[in-house]
Each structure stands twice: as structure tokens, then as C-alpha cells.
Amino acid sequence: MTGAADASGELESLKRRGLLRTLRPRPAAGGKFTDPAGRTVLNFSSNDYLDLAGDARLKAAAVEAIGRWGCGATASRLMAGHLEIHERLERRLAAWTGREAALLFGSGFLTNLGVLTALAGRADAIFADRTVHASLIDAARLSGARLHRFRHNDTEHLSWLLERHASRRRAIVCESIYSMDGDAAPLAELSQIAGRHGAMLVVDEAHAVGVFGPRGSGLCRTDDAIRPDVVIGTLSKALGGYGGFAACSAAIRELLINRARSFIYSTGLPPACAGSALAALDVLDASPDLGDRLLERSAALRQMLADAGLDVGPSCSQIVPVIGGGSERVLSLSRRLAERGLLAVAVRPPTVPAGTARLRLSVTLAHQRADLERAANEVVAESGR
Ligand SMILES: *Cc1c(COP(=O)(O)O)cnc(C)c1O
């Protein structure tokens, strides 16, 4: 593989197979915006779940942080890039998630790379749900640990694998809310299994922080029987900004500072990102019901779609899939909806299991009840074609 000729050959092949991805600039981010033609666009592909990315309070906090500390942290945290605002945010995230400590990373992706490579190595084994995010799979591979994947949310399969594969250290890796089905992991049961087998439990709460748990503090905080060793979160979705964090014991935090290469060899989080995240946490303190409001609206959308006979799968969250119809049909449905001002991605195999191509709708607080009715009507009408 050398040179431009090979790149274009590979691109041709992707195009032939209908797998070529392209970038298209949007006039705005967020769940709802006006396009250049003056039309209201409902965006169900945004992760701005709480409609905070454009919130005046977050913007002001980001600007204030820039005013005080500048645009960049200028160095990695272990060199000269460790700022007081990082420490303040980490203490806040630790208290919020109910852990001893927290550590910031450049993004959720970098958090996963750092955490799994620091906690597992060649003599170890990682047991990951088959549908976890690409960053967790890449992290597990990079760690050099043996990777076993258990069937989605299948605790019997996980136990079976754990019984058969002994190794030095073992870690169970899952998400709390899954991004393709919008369903929840059986976290209490996973904790019990981890305890029984002496394995660590690492839970990625990327889609749950801000939405589930008291003041959006995550699904892990909803039940004392849930005992994760590491909770991973992102500042890039419900919290409206950018960055990632791991919440854990003080000892694991110290280990991460010493072993997580995506922490050690990367510049500290920009002050603006820390500032906006702190403001997002203030918003959640002042309005602790934001997550519940989002979940109520999501349930209403699911109900409208299900009442019309569509399959919304096992979703219990703001992520609402409309499953079925085959890849080409779902792709064409997504295109027709886009023409009508409704953005929802078509997710096709191999991203999801064969035969379960789907339209994926992310509800946000920018979507009012009437918007959701419009969306449901359009999806139902266009699916019937
Ligand atoms: C989005 C996501 C990430 C990556 O987070 P970023 O902050 O966008 O890098 C990691 N894990 C899961 C489960 C995600 O959904």
C-alpha cells in the first residue's frame, strides 16, 4: 500500500460497495436549526441531548476560562499543562459520579484508550460486550490483552467465558446505555459476576451521563448494587462540550496518571472545555430534572412509533431505533426524510447485526412535543412507502 494510486483504488472499492463516507457541512449543530432556505430542520443525529452546546451559560463559562487561562493548556498535564480548572473539574466529576477521584482526558475516545491500556496488558484478558463502541475495541486491542466478546447483554455467555478463560487480571467492559439499540446494560448483575470472578468492571457511560441518575450523574448511580471499578464519561455529548473523563478510586487515578499514554503524551484539556463542562454541571444542579424531561419525551416518541406498528427494539433511552427493512430501504428512508428536513442516520450491517438495519433517532431537549409528532408522522408515512 503506497501512494495516491492505492488510495483512489481503495476509495473506488468502498464506493462500489456503497460504504464510502463523506463529510457534509451543516449550517448549525444541535437538535433543531434553520437551514439557509429558512426551513426548520429537526436533527435526530446530534448527541447534544440536553440542548446545552449552544447554551448561553456554557458559552459564557468557556469565554471566561479562555480569558483567564488562554486557549490552550500548552503542555501535557505532567509537564506544565496542569491547571487549577482541571483539578476543580476533576473534583466535581468525582463527587458527581460518587467516586473517590476522576481524571480528564482529551476526549471519550482517548479516555478509553488510556484506561484499558493502563489496566490490562499481555498477560490479561478483557471481556467486552459484542456491541461496545469502536474506541473500547481499539483500546482492548492496543492493550495486548486477550479479547473475548460476549453476546450483547448476555450475562450467561459472559459467565461461561469467564469460567473458561483464566488469566492474571481480567476486566469486563460494557456501556451503560448502548448507542445502537438505546437499551441498558444489566449493571447490577454484571457487578455481581465481576465480584464472583475477581474481575474489574469498566462501564462507559457516554450516552447516560447528563441523562440518567440523580442530576444526570449516570446509570451507575441508580443502584447501590452497581459497583464499577471505572466509570468512563464524555463531556462531548449531553454536557455539550468536548473532552472525556474516567471516575474511579484514587489509586486507579494515580495509576492512570502513570500508565495511560493518551493522558501522559497529550496536551491537557483546553480551559474552555473545562469551563463549559463546569457550567453544564451547574445547570444540572440547578435543573436536576433535565434528564427525566428528555426521557419522557423519548418515551412519547417511542410510543407514537410503536402505536403505528414500527419496531423500536428494546430502547429505554433518548436513542430510538426504528428497526427493519433492509439496508437499501433504510438508506433510502433516511435520504427521503432528509429532503423533508428531518435528519436521522441509517445504520447498516456490519455496524449492527445482519437483518437489523435501522434508522437511528436521538431525541434532544431541543425537540418539543410538536416536533416529535412531526417526526413520528414523517417516519411512519415514509416507512410505508
Ligand atoms: C461517543 C462515545 C465515545 C467517544 O467520546 P468522544 O468524547 O466523542 O471521543 C466513547 N464511548 C462511547 C460509548 C461513545 O458513545
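I started with H4 and H11, and H4 passes H11 in a left-handed crossing. This is a predicted model, so I am reading everything below as a description of that model. On the H4 side I get Ile85, Arg88, Leu89, Arg92, Leu93 and Trp96. H11 answers with Pro271, Ala274, Gly275, Ala277, Leu278, Leu281, Asp282, Leu284 and Asp285. Sorted by class, this contact of H4 with H11 holds 10 nonpolar residues, one polar and four charged. For the geometry, I noted that H4 covers residues 84–97 and H11 covers residues 271–286. Their axes come within 10 Å and cross at roughly 35°.

Next I looked up leucine 83, which sits in the loop between H3 and H4. Is leucine 83 buried or exposed? Its relative accessibility is 14%, so I put leucine 83 down as buried. Skipping residues up to four places away in sequence, I find leucine 83 touching Trp69, Ala73 and Pro271. Pro271 turned up in my H11 list as well. I also checked leucine 83 against leucine 331: they are 248 residues apart in sequence, and their C-alpha atoms are 46 Å apart in space.

**H14 and its partners**

I took H12 (residues 290–307) with H14 to begin with, and their axes come within 10 Å and cross at roughly 30°. The cut-off for roughly parallel is under 35 degrees, so I logged H12 and H14 as roughly parallel to each other. H12 passes H14 in a right-handed crossing. Which residues of H12 meet H14? I listed Arg297, Ala300, Leu301, Met304 and Leu305 from H12, against Arg369, Leu372, Glu373, Ala376, Val379 and Val380 from H14. That contact splits into eight nonpolar residues, three charged and no polar.

Then I turned to H13 (residues 327–339), which packs on H14 (residues 369–383) at an angle of about 135°, with the axes 10 Å apart. That angle makes H13 and H14 oblique to each other, so they get that label here. The crossing of H13 past H14 is right-handed. From H13 I wrote down Arg329, Leu333, Arg336 and Leu337, and from H14 Glu378, Val379, Glu382 and Ser383. By class, the contact of H13 with H14 comes to four charged, three nonpolar and one polar. Val379 shows up here, and I already had Val379 in the list for H12 with H14.

**Aromatic pair**

I searched the whole structure for ring pairs and got one aromatic pair. What are the distance and the angle for phenylalanine 105 and phenylalanine 263? The ring centres are 5.9 Å apart and the planes sit at 70°, so I call the pair edge-to-face. Phenylalanine 105 is in strand E3 (residues 101–105) and phenylalanine 263 in helix H10 (residues 261–264), so the pair ties together parts that are 158 residues apart in sequence. I checked burial too: phenylalanine 105 and phenylalanine 263 are both buried.

**Histidine 157**

I found histidine 157 in helix H7 (residues 155–164). With a relative accessible area of 11%, histidine 157 is under the 20% mark and so counts as buried. Leaving out neighbours within four places in sequence, I have histidine 157 in contact with Arg130, Arg149, Phe150 and Arg151.

Where is the cis peptide bond? I located it between proline 349 and proline 350, with omega at about 10°. Proline 350 falls in the loop between strand E12 (345–347) and strand E13 (358–362).

I flagged two positive phi values as well. Aspartate 51 has phi near 60°, and aspartate 51 is not a glycine. I place aspartate 51 in the loop between strand E2 (40–43) and helix H2 (56–69). Its relative accessible area is 35%, so I have aspartate 51 as partly exposed. Threonine 74 has a positive phi of about 70°, again not a glycine. I find threonine 74 in the loop between H2 and helix H3 (77–81). At 70% relative accessibility, threonine 74 goes down as exposed.

Terms used
Residues are numbered from 1 along each chain as its sequence is written. This is a predicted model: local features need pLDDT of at least 70, side-chain atom pairs count only at pLDDT 80 or more; totals for chains, interfaces and linings use all residues. Side-chain values use heavy atoms; hydrogens and water are left out. Rings of Phe, Tyr and Trp (its six-membered ring) pair if their centres lie within 6.5 Å; planes under 30 degrees apart count as stacked, over 60 as edge-to-face and the rest as tilted. Helices (H or I, at least four residues) and strands (E, at least two) are DSSP runs, numbered from the N terminus. Buried means under 20% relative accessible area, exposed over 50%, partly exposed in between (1.4 Å probe, protein chains only). Axes are lines fitted to C-alpha atoms, for helices over the stretch in contact, and angles run from 0 to 180 degrees between N-to-C directions. Angles under 35 degrees count as roughly parallel, over 145 as roughly antiparallel, 65 to 115 as roughly perpendicular and the rest as oblique. A crossing is left-handed if the near helix is turned anticlockwise from the far one by less than a right angle, and right-handed if clockwise. Contact means heavy atoms within 4.5 Å. Ala, Val, Leu, Ile, Met, Phe, Trp, Tyr, Cys and Pro count as nonpolar, Asp, Glu, Lys and Arg as charged, and the others, Gly among them, as polar.
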